[in-house]
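Subject: Structure handover

Hello,

Here is the structure I promised you. Please look it over first; my notes follow below.

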Amino acid sequence: MYPQGPAELSAGREQLVSYSRRMLDDGLAVGSAGNMSVRLGGSVIITPSGVPYPDLRPGQICEVGLDGTAISVPATVSSETPMHLAIYAATDAGAVVHTHSPEVIALSSVFDELPAIHYAIHALGGAVRVAPYTRFGSDGLASAATAALSSRRAAILQNHGAICYGRTLTEAYERALLLEWLARTYRLARMLGEPKILTDAQLAEVAAEARRRRYGEAPAEERRNSG
Ligand SMILES: [Zn+2]
């Protein structure tokens, strides 16, 4: 299920460096904040701590076992490694992305949940929970994040940031971008008044329709016009 081998290790390291740089360009983090990882068979490769993203090189990406055992640690391993490992243990994640994105952090300081302001939130599993504040790098944060991710693919960490996972790093990263966009959209709506929020039934209908289209049940013409 999870790719492994020297070629996958090398490609995974390159991909972590390129998405780390994108995180700066997309405004999802500043400096060396945030971190991301990819699961390879029985191990996890993860960005190091304290290396500014423009300086990050594939050779500095760390590799640890699923239990946290050091396999290759050429730089200080990410302080949030326990949170990443807890998510791999609790879900079928192939990659995890942790951001310090501003809209999400602002929301987390005021609200306990990002409600379904737009139907695209179905890709994250529904309304996104805010996990109560716990210090960065702590086991408490790892368990709070994992609990908030129950039947979700994204969670918000109060006064801290966001955590998203996916089958691939691309999918996890796209979810982090989507989450930030949804938080911004919710803020804009709140500035205008009291937003209408989609119901669970409306979201379930969206999820069912997305599934139907993904499995090719819709006629080709309809699929081309979807979105
Ligand atoms: Zn963080």
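Start with helix 1. At 1.5 Å a residue, its 20 residues should span 28 Å, and the end C-alpha atoms are 29 Å apart, which agrees. The expected span here is 1.5 Å times one less than the number of residues. Helices are DSSP runs of H or I with at least four residues, strands are E runs of at least two, and both are numbered from the N terminus.

Two points on provenance. This is a predicted model: local features need pLDDT of at least 70, side-chain atom pairs count only at pLDDT 80 or more, and totals for chains, interfaces and linings use all residues. Residues are numbered from 1 along each chain as its sequence is written.

Back to helix 1 (6-25). Its buried residues are L9, G12, R13, Q15, L16, Y19, S20 and M23. Buried means 20 or more other C-beta atoms within 10 Å of the residue's own, exposed means 12 or fewer, and partly exposed lies in between; C-beta atoms are placed from the backbone. These buried residues pack against strand 1, strand 2, strand 5 and helix 5 (169-192). G27 follows helix 1 and has a positive phi, near 70 degrees.

Overall picture

The protein chain has seven helices and nine strands. Its C-alpha atoms fill a box of roughly 50 × 45 × 30 Å along the principal axes. For 227 residues, a compact globule would have a radius of gyration near 17 Å; this chain has 18 Å, which agrees. The radius is taken over C-alpha atoms, and the globule rule is 2.2 Å times the number of residues to the power 0.38. Of the 227 residues, 38% count as buried. Take the contacts between residues at least 6 apart in sequence: 65% of them join residues at least 24 apart. A contact means C-beta atoms, placed from the backbone, within 7 Å.

Strand 1 and its partners

Strand 1 (residues 35-40) has five of its six residues buried, so it is largely enclosed by the rest of the structure. Strand 1 pairs with strand 5 (residues 95-99) in the antiparallel sense, over four bridges. Pairing requires at least two DSSP bridges between the strands. M36 has V97 of strand 5 as its bridge partner. Strand 1 also runs antiparallel to strand 2 (residues 43-46), again with four bridges. There, S37 is bridged to I46. Strands 1 and 2 form a hairpin with two residues between them. In that turn, G41 has a positive phi of about 50 degrees.

G34

G34 sits in the loop between helix 1 and strand 1. It counts as buried because it has 24 C-beta neighbours inside 10 Å. Beyond its neighbours within four places in sequence, G34 contacts M23, L28, A29, H98, T99, H100 and G161. R212 is 178 residues from G34 along the chain, and their C-alpha atoms are separated by 35 Å.

Two phi values to look at

Most residues other than glycine have a negative phi. S151 has a positive one, near 50 degrees. It lies in the loop between helix 4 (139-148) and strand 8 (154-157). With 7 C-beta neighbours inside 10 Å, S151 counts as exposed. N159 also has a positive phi, near 50 degrees. N159 lies in the loop between strand 8 and strand 9 (161-166). It is partly exposed, with 13 other C-beta atoms within 10 Å.

Best wishes

Notes. Two residues are in contact if their C-beta atoms, placed from the backbone, lie within 7 Å.
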